[in-house]
Amino acid sequence: MALGGSGPQPLGVPGVAELKMLSRREALRLGPGWSHSCHAVLFAPQPGLLFGRIPLRYAVLLRFDGRLGFPGGFVDRQLWALEDGLNWLLGLGLGSVHLTNADYLASHVAARPHRVVAHLYAKELTLPQLHAMEISAVHSRDHGLEVMGTVRVPLYMQKDRLGGLPAFLGNSFVGTAKFQLLYALKVLHMVPVEKLAEAVAATQKPKTGIPEAEATTSPAASAPAPATAPATF
């Protein structure tokens, strides 16, 4: 899969505020008052089927530390080049993985008042390679301390239009991570932009449900739910 397409492009998903984009060169010319975070989209084609009928398509790796985000962190520009710092951070949590400036995807300015520019990289792996990183993460120095584990992003939507990616987007993300996830899914052609817009819209609808007392006394509450087959993107 070609990374980055024909050049920087806006996200273009209704309901999601755009972040200011910078080129890599522009970002590196920012003054000493700016902090630089570097994170990696590690993904792999996943040929399997969920429930025997839904194509999984890709496995995309995130880490969880109370909030969701991509592996990586802040890089001290006085000590490291961006990619060297990112590789060091990834090595601490995931084991051996090497990214170069050829894996660079985009840079975005974080929302004020923070003076942070968030650099995003992407690297396609094989599914066994990605799985090996998931195993390595369990044995990393910070597992169970700062980092509670890794998760994969569900890239499907169930027939209720909430299960799968919409429900996943309703979680808490750190910093620019939610924007970065949507951006990566779009520019890496993992999910069509119209489906991203549908998933985002589903998370913004007010939740409805049966009041607890009604749910426990209604005859329908004890009836088995009808089986519904999930839908896919």
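Leaving aside neighbours within four places in sequence, which residues is Arg-63 in contact with? In this predicted model, the residues concerned are Leu-68, Gly-69, Phe-70, Pro-71, Gly-72, Glu-146, Val-147, Gly-149 and Thr-150. Arg-63 itself belongs to strand 3, which covers residues 54–64. A polar contact of 3.3 Å also links the side chain of Arg-63 to the side chain of Asp-65.

Confidence in the prediction was examined next. The mean pLDDT of the protein is 83, and 83% of the residues score at least 70. Among the elements, strand 7 (residues 116–124) has the highest mean pLDDT, at 96, whereas helix 7 (residues 212–217) has the lowest, at 42. Across residues 210–230 the pLDDT falls below 50, and this stretch has 10 contacts in the model beyond near neighbours in sequence. Where pLDDT is low, predicted coordinates should not be read in detail.

Val-153 occupies the loop that runs between strand 8 (149–152) and helix 4 (165–169). With a relative accessibility of 4%, Val-153 counts as buried, because the cut-off for burial is under 20%. When residues up to four places away in sequence are not counted, Val-153 touches Val-60, Leu-62, Leu-165, Phe-168 and Leu-181. For the pair Val-153 and Val-60, a separation of 93 residues in sequence corresponds to a C-alpha to C-alpha distance of 5.6 Å.

Leu-181, one of the residues touched by Val-153, is also one of the buried residues of helix 5. The buried residues are Ala-177, Phe-179, Gln-180, Leu-181, Leu-182, Tyr-183, Ala-184, Leu-185, Lys-186 and Val-187. Just after helix 5, His-189 adopts a positive phi of about 60°.

Helix 5 packs with helix 6 (residues 193–204) at an angle of about 155°, and their axes lie 9 Å apart. Because angles over 145 degrees count as roughly antiparallel, the two helices are assigned to that class. Helix 5 contributes Leu-182, Leu-185 and Lys-186 to the contact, while helix 6 contributes Val-193, Leu-196 and Val-200. Classified by residue type, this contact has 5 nonpolar residues, 1 charged residue and no polar residues.

Definitions and conventions: Residues numbered from 1 in each chain as written. Predicted model: local features only at pLDDT ≥ 70, side-chain atom pairs only at ≥ 80, totals over all residues. Heavy atoms only, no water. Helix = DSSP H or I, 4+ residues; strand = E, 2+ residues; numbered from the N terminus. Polar contact = N/O pair within 3.5 Å; in protein donor to acceptor, adjacent residues only side chain to side chain. Contact = heavy atoms within 4.5 Å. Buried < 20%, exposed > 50% of the residue type's maximum accessible area, 1.4 Å probe, protein only. pLDDT = per-residue confidence, 0-100. Axes fitted to C-alpha atoms, helices over the stretch in contact; angles between N-to-C directions. Parallel < 35°, antiparallel > 145°, perpendicular 65-115°, else oblique. Nonpolar A, V, L, I, M, F, W, Y, C, P; charged D, E, K, R; others polar.
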